[in-house]
Amino acid sequence: MKNKRYAIVLDTKRCIDCKACTVACKAENDVPVGRDNYRNWVDEEKLRGTYPNLGQSFTPSQCQHCANPPCAHVCPTKATVVSPDGIVHVIADKCIGCKYCQTACPYNARYYNEVIAAVDKCTFCSHRVYAGGMPACVETCPTKVRVFGDINDPNSEVSRLLAKNPSRVLKVAQGTKPHLFYLT
Amino acid sequence: MTRLLEKKLSRRRFIGVSSCALAGVAVGSQVKVLRALAQEGKVGAVTTLPTKDVFTSCGMCVNKCGVIARVRDGVIHKLDPNPNFAVKSRAMLCARGNAGTKVVYDPDRLKYPLIRVGERGEGKWRRASWDEALDLVGKNLNQIAEKYTRAGVVFASTEGTFQDHFFNQMAECYGSPNTLRHATLCLSSNIQGFSATFGTNPTPDVLNADYIIMSGANRSEAFITPDTIDLLKGDGGMRKLIYLDPRFTKTAAKADEWYPIKPGTDMAFILAMINVIVTEKRYNKDFVEKMTVGFDKLVPHIATYTPEWAAKECEIPAADIRRIARDFADAAPHAVYYQGRRSSFFANDTQMRRAMAILNAIIGNWDVEGGMIPNRSIAMTKHDYLAPYYDDIPGRLDADSVAYLSESDGSWSIFRDRVLEGKPYPVKGMMIYKQNCVASVPNRAKTLKMMAQMDFICTIDVTMSDTAWYSDVVLPEATYLERLDPPEVLGGIVPVVAWRQPAVEALFESKPCLWIMQQLAKRLGPDIADTFNFTMEEAIEHQCSNNPKILADLKSKGVYYEADKPVYGSSYGKPLKTKSGKIEIYSERYAEKGLDPLPVYSSPNVVPTGKYRLLVGRHAYFTHGTTTNNPYLHDIMPENTLWLHPQEAARLGLDDGRLVRVKSAVGEETLKLEVTEKIRPDSVYMAHGFGVLSKGQSNVYGVGGCDAALIEEKTCMISGNVAMHETLVEIFPA
């Protein structure tokens with residue numbers, strides 16, 4: 001996947017917090033059942049206002065596939081690697097389960113998978129992407145909150161969305177250079 | 001009762017040539033067992049099990065979205081949305097759809113026929129062979145027919161499994177008029193109110209509407225395809241969503257305006273909108289003149305229903321009602337008052353639905369883009385059979401109980417009362433197909449009492465529901481991912497045909513409904529058995545015989561449709577299915593039956609201080625009570641809570657998260673309190689599907705509270721629908 005840089009653009013205004021992405025991810029990636037085990041999630045933001053003038057937003061998230069990933073920097077066995085297309089991977093065989101990466105990740109995007117005895121997290125469903133498909137969360141989303149693609153391709157939908165709309169990334173001050181872009 | 005067999009079913013071989021292969025499934029299923037055996041060297045390595053993609057339909061809720069089952073080495077690994085199904089589902093699969101693999105590989109699923117050995121509800125079972133279990137069911141059905149009449153067995157069925165038709169065929173061929181389906185726990189008042197007006201219950205064209213008012217429908221959580229998805233098209237754009245709900249739901253979070261309307265007063269809001277539109281002459285005069293009857297009677301009828309009057313009832317400011325009415329009329333005909341689906345709220349619900357229908361009618365949104373569209377269908381050949389004739393069978397037990405009773409649905413609450421009275425005749429047997437009446441019919445204690453007086457109860461299900469738990473014989477059905485099902489037309493603005501083919505072979509000893517009915521029929525006599533003398537393949541071929549493209553498309557694309565866009569205006573120039581052939585603002589039929597011919601408002605029961613109105617509602621993860629035990633969905637929401645406004649929590653001195661006892665006139669439940677501003681101070685809310693009695697639902701047994709245990713069963717006397725929001729409760733520390 002040379003010359004590609006994968007990213008996800010999210011339009012959270014479309015999110016209805018239905019959790020389809022969460023279940024799709026668990027099924028696709030054999031994430032063990034359990035509330036502490038997840039590769040992606042939807043945050044219910046704090047209720048705004050007071051009754052009866054209320055508002056609420058929902059923010060889906062997952063591994064940010066940072067260009068400067070702190071998880072990789074702290075790993076003592078170099079089990080976390082970044083592929084040329086920007087996807088951050090954990091090589092399960094190299095992981096010794098020390099969980100430094102879990103602590104280092106500012107997005108809390110990693111969990112320890114007891115079944116494979118390694119830290120696990122979102123891979124942008126690279127096995128599906130390399131086979132010509134879409135990440136499970138992107139494909140299944142009822143209201144199409146997420147768009148996945150190559151930001152190095154100026155004609156991709158992600159590039160067009162980022163050109164057309166202002167966007168933000170989470171915890172920009174951490175300098176992690178995340179690649180989940182939230183339209184504002 | 002007798003139907004003519006139009007055409008003997010063809011005996012030709014069903015030829016399965018498909019990109020989604022049916023061949024090879026015989027090998028694969030209990031793969032984990034096989035793998036374990038392989039590891040122990042008892043069988044060869046499991047390399048021959050199929051890896052394939054199978055087009056099928058989701059079975060987790062009413063929508064039946066198109067699915068591609070990704071099968072790896074004989075195991076369903078993942079369920080993906082079928083992109084060809086976009087015309088209906090917008091090519092999505094929700095949390096429940098994705099959780100379908102756990103229905104198949106659920107340690108809690110029913111594996112073998114079970115016969116009760118302890119007391120009912122005690123949970124003592126023994127495994128039986130199919131022959132023994134079916135012999136017992138057959139013996140009991142024959143005995144009840146002998147001792148009472150064939151009407152002495154009630155057949156309670158779910159809908160939409162695509163095989164429920166065979167269960168209902170069994171009811172008819174056995175000879176019982178007593179079938180009970182879900183409609184009177186759901187939408188029968190909606191169907192009645194809209195049909196009395198339009199001759200049909202139309203579908204709002206959400207995709208093309210510019211202005212939508214939604215009350216009593218929580219579309220961002222209670223999914224209906226494609227509305228749930230289409231509703232968001234205008235987020236930040238043209239479309240406006242006005243949302244009325246006593247709770248701040250996910251739909252409220254997406255709406256342009258949310259009003260926490262006082263429960264039971266929607267009709268006041270609607271009548272006031274009609275008042276504004278009529279008195280300010282904002283209605284579609286040409287349409288009203290040509291297409292409707294009774295407008296002249298409506299004008300004086302709504303004269304006193306002013307916004308100022310309504311504001312006192314529904315607690316929405318008069319200025320807002322007036323503005324919304326004007327904006328709604330201005331947006332016409334691309335404007336809909338969205339009627340939703342479930343309409344079991346108050347006992348006057350049918351008349352409230354009439355008011356909704358009339359409001360839609362006067363702005364002239366009938367059968368035009370962005371308006372209310374009569375459903376279309378797709379022609380298929382009917383499955384037919386010659387039911388035996390019995391001459392000594394009485395009519396339905398609940399006959400003549402309400403103004404318009406559906407012969408096939410009945411009225412659950414009224415039926416139950418008559419069983420308990422034993423009048424006009426005894427009903428002593430229950431055959432249940434995947435309906436969970438213990439958990440879903442209001443007043444659980446009364447349902448259990450009704451079941452206690454039955455001589456025999458048999459439940460067919462995939463899981464040990466509360467109803468199965470209180471049965472004598474429990475028969476395991478194959479899950480929707482393990483069955484070949486007949487194609488089913490999903491009617492709507494853009495109708496489609498969906499079907500199911502097995503992704504894997506049925507696990508354990510589970511069997512499809514048709515097989516169970518066929519085996520049972522053999523035990524009930526040759527006349528009944530004859531009606532089931534066909535294979536599923538033959539039934540499918542017969543059904544598709546009028547149009548071979550249907551089956552070809554189902555095999556190659558997983559869906560069949562004739563148009564991918566709405567067709568508008570097809571109802572014009574033809575009489576509607578009403579008495580006058582026009583849209584009936586004033587209903588002559590209602591007048592003849594002594595019902596209000598125009599909707600008359602009555603205030604809901606008063607909530608005294610110290611009491612709260614119990615509300616029910618949906619979450620996007622649960623389909624009624626059927627999916628709370630699913631491991632993936634249980635992860636999202638492991639228990640239910642009682643929502644209470646902070647002001648009332650403070651008054652009662654109750655903290656968030658503490659256990660509370662909730663008490664109504666018919667029951668008491670204990671669950672955790674959730675203090676939240678997302679609800680009116682006079683109401684409380686709890687999710688359905690918890691407080692389960694069955695130990696066969698290991699994740700949710702005894703967890704949280706059961707709403708059906710608390711709700712009183714007031715009933716709409718026009719449609720027979722129960723009213724789920726008439727119950728008041730008290731809250732105590734537990």
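Guide: Across the interface of chain B and chain A, the rule finds four salt bridges. This is a predicted model, in which local features need pLDDT of at least 70 and side-chain atom pairs count only at pLDDT 80 or more, while totals for chains, interfaces and linings use all residues. Residues are numbered from 1 along each chain as its sequence is written, chains are lettered from A in the order in which they are written, and side-chain values use heavy atoms, without hydrogens and water.

Visitor: Why is the meeting of K678(B) and E44(A) called a salt bridge?

Guide: A salt bridge is a side-chain nitrogen of Lys or Arg within 4 Å of a carboxyl oxygen of Asp or Glu. K678(B) and E44(A) meet at 3.3 Å, N to O, so the pair qualifies.

Visitor: What does the pair R39(A) and D120(A) tie together?

Guide: Their side chains form a salt bridge at 2.7 Å, N to O. R39(A) lies in the loop between α1 and β2 (40-44) of chain A, and D120(A) in strand β9 (residues 118-120) of chain A, so the pair links parts 81 residues apart in sequence. Over all chains, the search finds 49 salt bridges.

Visitor: How many residues of chain B and chain A are in contact?

Guide: Contact means heavy atoms within 4.5 Å. By that rule, 42 residues of chain B touch 37 residues of chain A.

Visitor: What area do chain B and chain A bury between them?

Guide: About 3200 Å², 59% of it on carbon and sulfur atoms. Buried area is the accessible area (1.4 Å probe) that two parts lose on being put together, summed over both. Y632(B), D635(B) and E677(B) supply 18% of the area that chain B buries against chain A, more than any other three residues.

How values were computed. Helix = DSSP H or I, 4+ residues; strand = E, 2+ residues; numbered from the N terminus.
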